[in-house]
Amino acid sequence: MLADLLGDASRSEIKNWILTGSVTVDQSVQRPSYRVRGNESIAVRAHRSNVMNWDSQQDVEFQIVFEDEHVLVINKPPGVVVHPGAGNPDHTLVNGLIAHRPILAELPRAGIVHRLDKNTSGLLVVAANRRSLEILVDAMSKRTVNRTYLCVVEGVMDSVQQADLRIGRHSIHRTRQQVREDGREALTTFVPLEPYRAHTAVHARLGTGRTHQIRVHAEAIRYPIVGDRTYGARGILPKTPSDQLVDVVRAFPRQALHAEVIGFDHPAAGKPFKFRCDPPRDMQLLLNVLEVDRENFLDS
């Protein structure tokens, strides 16, 4: 549980804190295997070595979609890590944001309200001051921030699919998530947009915001996301595909997932804001190649 709450701390670091008595449950030291029952008070009093660089201003690629004194909306390219963590101590979006607006260094997580996976592209909202951060975090917890993702899935989806499946950490592969009965509630609605011969462009709408949620749910309903070999993608192809289609699908370098739309109430003005950004070139190429393949098949 602590690994979920302390997302930037490694499991080995947390285990060491527990073994050295830096973590207590109801003021008592417990073993790392202790399972909380609920309503306990957990205290963490630990010193962290300064291996994560949360303060440096560094040149990191991202696009400003909107900004004012209260909030920023940015478009994160694939390949950029959102915040420092194990294996990525710096050159993260946090460092780029602080370079753009140094005062963000004074805010928890540089004002970032929610995360995207390293290889997921698209829109993120960032608070520019403490009051905005409080309001936006509260909006996220109340699920009033609307987020819609564009993805390309394997298989032809011909109707709306709703995945109401609990998600928790994988029992074996600790960097992954899985559907499990004792997990946290999670809801994703998949709306097909454009069918191709063996794939579908889909909108995924979040009802909750769990780690890897769309990817886990897509695999669970048997429509894994193109390129997402961690969660079930097999590189399927239609019959008699073109060489270009084979190359693009089989070599797609990441999960074909893009945070396309985000909507929220402005934390100061209270007015509804909505932003949309086009997918990056790799997803545009994938969609174009799938469309050409479909049209050539229909013309043959």
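Let's start with strand β1, residues 23-25, which is joined to β3 by 3 bridges, the two running antiparallel. Two strands count as paired if DSSP finds at least two bridges between them.

A quick word on what we're looking at. It's a predicted model, where local features need pLDDT of at least 70 and side-chain atom pairs count only at pLDDT 80 or more, while totals for chains, interfaces and linings use all residues. Residues are numbered from 1 along each chain as its sequence is written, and side-chain values use heavy atoms, with hydrogens and water left out.

Okay, the whole chain. There are 7 helices and 14 strands. The radius of gyration, taken over C-alpha atoms, is 21 Å, close to the 19 Å that the globule rule gives for 300 residues, so the chain is as compact as a globular protein of that length. That rule is 2.2 Å times the number of residues to the power 0.38. If you like boxes, the C-alpha atoms fill one of roughly 70 × 45 × 35 Å along the principal axes. Of the 300 residues, 47% count as buried; buried means under 20% relative accessible area, exposed over 50%, and partly exposed in between, with a 1.4 Å probe and protein chains only. As for contacts, meaning heavy atoms within 4.5 Å, take those between residues at least 6 apart in sequence: 64% of them join residues at least 24 apart.

Now the inside. In soluble globular proteins, nonpolar side chains tend to be buried together. I'm using "nonpolar core" for a set of buried Ala, Val, Leu, Ile, Met, Phe, Trp, Tyr and Cys residues joined through side-chain atoms within 4.5 Å. The largest one here has 50 residues, and Leu93, Phe190 and Leu286 touch the most other members. Leaving aside neighbours within four places in sequence, the contacts of Leu93 include Val60, Phe62, Ile74 and Leu124. Apart from that core lies another, of 15 residues, among them Val73, Ala127, Ile262 and Cys277.

For Cys151, the nearest cysteine sulfur is that of Cys277, 14 Å away. Cys151 is buried, at 0% relative accessible area, and Cys277 counts as buried too, at 8%.

Two more residues before I stop. Pro192 is in strand β11, residues 187-195, and is partly exposed at 23%. Pro192 and Ser159 are 33 residues apart in sequence, yet 6.5 Å apart in space, C-alpha to C-alpha. Not counting residues up to four places away, Pro192 touches Ser159 and others, including Met157 and Val202.

Then there's Glu134, in helix α4, residues 130-141. Buried or partly exposed? Glu134 is partly exposed, because its relative accessibility is 49%. Its side chain is joined to that of Arg131 by a polar contact of 3.2 Å. A polar contact is a pair of N or O atoms within 3.5 Å; within protein, one must be able to donate a hydrogen and the other to accept it, and residues adjacent in sequence count only if both atoms are side-chain atoms.

Terms used:
Helices (H or I, at least four residues) and strands (E, at least two) are DSSP runs, numbered from the N terminus. A disulfide is a pair of cysteine sulfur atoms within 2.5 Å.
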